[in-house]
Amino acid sequence: MTDDQTHRAIEAVWRIEAPKLVAALARLVRDVGLAEELAQDALVAALERWPHAGVPENPGAWLMATAKHRAVDLLRRGTRFARKHEELGRELVLQLETAVNEDDDPVGDDLLRLILIACHPVLSTDARVALTLRLLGGLTTEEIARAFLVPAATIAQRIVRAKRTLSEARVPFELPEGDALDARIASVLEVIYLVFNEGYTATAGEDWMRTALCEDALRLGRVFAELVPREPEAHGLVALMEIQASRMRARIGPSGEPVLLLDQDRTRWDRLLIRRGLAALARADALGGAYGPYMLQAAIVACHARARLPEQTDWVRIAALYDALGQLTPSPVVELNRAVAVTMAFGPAAGLAILDTLVDEPALAAYHLLPSVRGDVLVRLGRHDEARAEFERAAAMTKNARERTLLRARAVACAERA
Amino acid sequence: MRFMMIVKANPESEAGAMPEDAMLDAMGRYNEELTKAGVLLDLAGLQPSSKGVRVQFKGDKRSVIDGPFTESKELIAGYWLIQVKSKEEAVAWALRVPNPHGEGAETNIELRPLFELDDLAPSEAVERMRERLHKFDASRQK
């Protein structure tokens, strides 16, 4: 193996081990920032040693032992780190010394604690995302920066600040219970889905670093669902992401234009991801209880995934699911989607009735899809003149040039039929 | 990227020897590790080739040959399908597999990246193949 190959091999091992390593160290030293520094030190040691000594049989245990020894060293030598943690003092040394000799594999609870802390409400959303990708996703600062199209220094600073905030807030390492745990789980799900969407909306671009965020989010989602296996919404989110990811290749046309769901070539959908998504949804469903927002959204995308042809879509069920979603998380965008489903299920008149309640909605005032959908429904009702006006309005609102051309063409078609 | 980790057969697995309990436990723990790391997509173990059949194409003739087949090292005993960040990560996971034929036994695990349909140059034949695969999958889902 060349040095370069060895380094890549070590980095791969690192990606696998880093989250568990940081999680277990954070439990021992009770500080996420410090835990990560210790883990990094272990990585540096591995990069020095493994190229000539070879990768050890159990690399995870090696890294853990190295990091623990390093922590004990630092404490004994009365370094800055020791002074910083004076309050823990002897107790911590003792604990670490015992831990050095323990052959403990980090437990799942450590990882759960770490992900809950990375998504802690004392942190801004941006900080939660960066810290989660860094600590749990094994991404480097540079990778996160490239994915989010910001300078690496910004992300580095964001992570440093986040760790400091956690230290200063003295966020406890105990797992919260009851409602508090539910709220923290919700925060993790939100962060993971945000990462996914960041990658998903970027699929039109050719920057693979951004689209790789979808895979990072899926992996985090699967990891998290195994950490909280009794949590239906965690499986619901996995189902939602697996099924959405299954359409990735069909969402973009040959010249890079976005292709709408009903116009997509369904042969390009990834059947393996669909099967996995449907299985995750079934698992969530089997846990019983009412559907949460992620399960409802997963159930909606599952309706589309099950339809071999667009005309086989179960619109009645989708309309009912949007109805339930709107009651849980009321939003004009959900309502707009419900209007589309109701149009498909029960006809344009029923859909138009819902759309008309949205016309004065300030949140949709600049949203081109409202006039565009309304134009669609009016065409179905044969009201071409009104439809033309809606398409023109939509064309003036959209920022996408291709879409504008399309909408203008529809307006012209309406004018001819009016 | 997706990799198939293919476990090659050996004379014992081909003879239908069932793995020992300790091996089953170790394999169960390994599969759990893959699941918990979020990388496992699919897996299966295959029965020995004595239960299998081969259809051979030679010239314009097709013949059916019953197993077992002799070249056990080239046969497949099982596979995992994993999603990873790099070839190196796939290798790191393969290095952790408990030896499926028992520690000490000679075993080969082959790692192969999946060939996605998108990797093929677009052509009408590829489009037709997609369409057929799609129909097949859709009928299987019902």
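Select A:Arg134 and A:Thr141 in this predicted model: their side chains are joined by a polar contact of 2.7 Å. A:Arg134 lies in helix 7 of chain A, which covers residues 125-135. Is this arginine buried or exposed? A:Arg134 counts as buried because its relative accessibility is 18%, and buried means under 20%. Now display its surroundings: leaving aside residues up to four places away in sequence, A:Arg134 touches A:Glu36, A:Gln40, A:Leu139, A:Thr141, A:Ile144 and A:Ile159.

Next, move to chain B and select B:His101, in the loop between helix 3 (87-95) and strand 6 (109-113). With a relative accessibility of 18%, B:His101 also counts as buried. Its side chain reaches the backbone oxygen of B:Lys8 at 2.7 Å. Among the other residues that B:His101 touches are B:Val7, B:Asn10, B:Ala77 and B:Glu106.

Then show both chains together. The contact takes 32 residues from chain A and 32 residues from chain B. About 2,800 Å² is buried between the two chains, and carbon and sulfur atoms give 48% of this area. Select A:Arg219, A:Thr267 and A:Arg308: these supply 22% of the area that chain A buries against chain B, more than any other three residues.

How many salt bridges are counted between chain A and chain B? The count is six. To view a salt bridge, select A:Asp270 and B:Arg2, whose closest N and O atoms are 2.8 Å apart. Finally, colour helix 1 (3-29) of chain A. This helix gives the most to the side of chain A that touches chain B, with eight residues. The residues of that side divide into twelve nonpolar, one polar and 19 charged.

Terms used
Residues are numbered from 1 along each chain as its sequence is written. Chains are lettered from A and ligands numbered from 1 in the order in which they are written. This is a predicted model: local features need pLDDT of at least 70, side-chain atom pairs count only at pLDDT 80 or more; totals for chains, interfaces and linings use all residues. Side-chain values use heavy atoms; hydrogens and water are left out. Helices (H or I, at least four residues) and strands (E, at least two) are DSSP runs, numbered from the N terminus. Buried means under 20% relative accessible area, exposed over 50%, partly exposed in between (1.4 Å probe, protein chains only). A polar contact is a pair of N or O atoms within 3.5 Å; within protein, one must be able to donate a hydrogen and the other to accept it, and residues adjacent in sequence count only if both atoms are side-chain atoms. Contact means heavy atoms within 4.5 Å. Buried area is the accessible area (1.4 Å probe) that two parts lose on being put together, summed over both. A salt bridge is a side-chain nitrogen of Lys or Arg within 4 Å of a carboxyl oxygen of Asp or Glu. Ala, Val, Leu, Ile, Met, Phe, Trp, Tyr, Cys and Pro count as nonpolar, Asp, Glu, Lys and Arg as charged, and the others, Gly among them, as polar.
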